[in-house]
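Reader: I'd like to go through the labels on this one and hear what backs each of them up. Can you show me the model and start with the terms?

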There are 2 protein chains.
Amino acid sequence: MPQHKISPDSPIGIFDSGIGGLTVVKAVQAGLPSERIIYFGDTARVPYGPKSQVTIRKYAREDTEILLKHQPKLIIVACNTVSALALDVVEQCAGDIPVIGVLKAGAVLAAEKTRTGRIGVIGTQATIGSNAYTCAILKENESLEVIPKACPLFVPLAEEGFIDHPATLLVAQEYLSAFTGKEIDTLVLGCTHYPILRRMIEKITGPDITIIDSAEAVASMAGDLLSARNLRNPGKETAIPHLMVSDLPQKFRELYRLFMGSDLPDVELVEV
Amino acid sequence: MPQHKISPDSPIGIFDSGIGGLTVVKAVQAGLPSERIIYFGDTARVPYGPKSQVTIRKYAREDTEILLKHQPKLIIVACNTVSALALDVVEQCAGDIPVIGVLKAGAVLAAEKTRTGRIGVIGTQATIGSNAYTCAILKENESLEVIPKACPLFVPLAEEGFIDHPATLLVAQEYLSAFTGKEIDTLVLGCTHYPILRRMIEKITGPDITIIDSAEAVASMAGDLLSARNLRNPGKETAIPHLMVSDLPQKFRELYRLFMGSDLPDVELVEV
């Protein structure tokens with residue numbers, strides 16, 4: 001159980017199974033620019049989705065412990081898999097430190113925004129197969145209807161930098177045709193990579209469907225929580241995030257630029 | 001060191017990090033229909049490519065030991081990563097049992113077939129980054145020139161079943177444009193998944209470029225080796241392969257049909 005004292009100057013800790021959680025870092029930076037951010041991406045063991053629950057819970061504990069060494073005032077779980085299967089492990093490990101999962105944040109916001117009560121959710125095969133978004137949305141309001149659709153090619157297309165590529169458009173049109181005639185008015189981007197493809201997705205779904213970006217949802221929830229506890233950092237300067245990863249893949253610099261739109265700062269390599 | 005006696009009736013053992021090696025199973029079945037095949041796909045730990053060499057060598061030993069329990073007369077390493085980084089581990093573990101790696105088989109055939117001496121190689125980021133095909137081809141003939149190109153989206157596109165899909169055509173055109181003006185006359189499919197996309201690749205490269213399918217190359221090398229040692233199975237019946245995997249992913253049945261063009265037979269789940 002962590003014993004450290006938290007203050008407005010303490011950092012926000014964010015972790016993910018890999019680099020996808022950088023979209024959460026970006027959203028938190030945009031919404032709360034003066035907050036210090038500590039990010040851990042478990043790039044050595046990515047992806048978590050296809051692994052067993054026992055393993056995922058073990059990793060979730062280890063990832064949380066890495067962040068706790070930096071005495072955060074809040075922990076954000078940017079990983080959908082951990083949010084779905086091991087949030088309780090993170091909470092237990094974090095003790096008094098509050099914990100927010102990306103999945104719940106997206107589900108709460110979608111349930112709030114929908115008018116027709118029909119919500120689409122897109123994510124990886126693992127996330128969609130786990131039914132976690134559907135459960136989380138129905139927990140908010142059991143009269144809602146959720147239409148899930150796995151989009152397995154979105155992560156590799158985004159990581160390849162095929163953002164405005166005609167091939168991505170064809171793939172996206174095919175995947176999103178699953179919502180044709182389903183009368184959804186809200187679509188949850190249930191994977192941390194998907195905000196990168198948001199403009200293309202919006203082009204296809206059109207102006208009548210509200211896109212819920214789980215990264216933005218979690219950033220907004222984090223702001224509310226810190227304000228309520230008088231833990232907002234009063235500083236005026238924009239802080240550079242402290243990045244930690246468990247492996248430095250060849251393409252990391254390129255992917256960082258893709259996710260963050262800026263050059264890679266120093267990165268700390270952490271053994272897991 | 002294995003002590004078992006091998007005979008023409010012994011099976012051929014084949015292993016891969018996942019399901020991609022099924023293209024090798026298919027090629028061996030086509031070339032040597034009466035041979036019994038034991039296949040192990042390490043679906044729980046796939047992919048090997050991004051892992052450290054220490055880990056890959058440990059897995060290679062374990063995979064070989066799983067096959068050795070079935071007393072094979074030959075071991076085929078269908079995994080490009082193991083072929084590149086741990087073939088010596090497999091050979092040491094296999095003792096007197098001969099071992100053929102998919103990478104060398106492809107390299108030897110490419111060096112044999114080229115007339116202009118300019119060979120293109122496509123593969124995953126891990127395989128191309130390792131430079132293993134280039135080294136293996138130059139070992140055959142150091143005057144040859146090798147032009148490598150990583151095609152990271154081919155595996156996800158193939159696994160999604162987007163075989164004749166216009167999105168795949170766009171992606172393939174973009175990747176293969178790396179060879180425009182390079183005057184290659186031979187192109188090695190340096191990934192076990194790629195034979196699935198062969199027709200589309202051939203459509204783009206045209207009739208003047210010889211495609212080297214590493215799966216076919218390794219099957220042909222296996223036939224030669226067994227004939228030379230009088231170990232060909234004289235039977236007339238087509239044997240059904242014995243399949244072992246370390247995890248049964250949701251999509252396994254579908255992927256088996258995609259790779260093999262037939263329904264999934266019984267599969268044995270093996271713990272690793």
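Author: A charge sits over a ring if NZ of Lys or CZ of Arg is within 6 Å of the ring centre and within 35 degrees of the ring normal. This is a predicted model, where local features need pLDDT of at least 70, side-chain atom pairs count only at pLDDT 80 or more, and totals for chains, interfaces and linings use all residues. Side-chain values use heavy atoms, with hydrogens and water left out.

Reader: What makes B:Arg45 count as lying over the face of B:Tyr59?

Author: B:Arg45 is 3.8 Å from the ring centre of B:Tyr59 and lies over its face. The cut-off is 6 Å. In chain A, A:Arg45 lies over the face of A:Tyr59, at 3.8 Å from the ring centre.

Reader: Why is the pair of B:Tyr48 and B:Tyr59 called tilted?

Author: Rings of Phe, Tyr and Trp (its six-membered ring) pair if their centres lie within 6.5 Å; planes under 30 degrees apart are stacked, over 60 edge-to-face, the rest tilted. Here the centres are 5.3 Å apart and the planes at 50°, so the pair is tilted.

Reader: And what makes A:Phe154 and A:Tyr175 edge-to-face?

Author: Their planes are at 80° with the centres 5.3 Å apart, so edge-to-face it is. Both residues are also buried (under 20% relative accessible area, with exposed over 50% and partly exposed in between; 1.4 Å probe, protein chains only).

Reader: Which residues do ring pairs link into a cluster?

Author: A:Phe154, A:Tyr175, A:Tyr194 and B:Phe162.

Technical notes
Residues are numbered from 1 along each chain as its sequence is written. Chains are lettered from A and ligands numbered from 1 in the order in which they are written.
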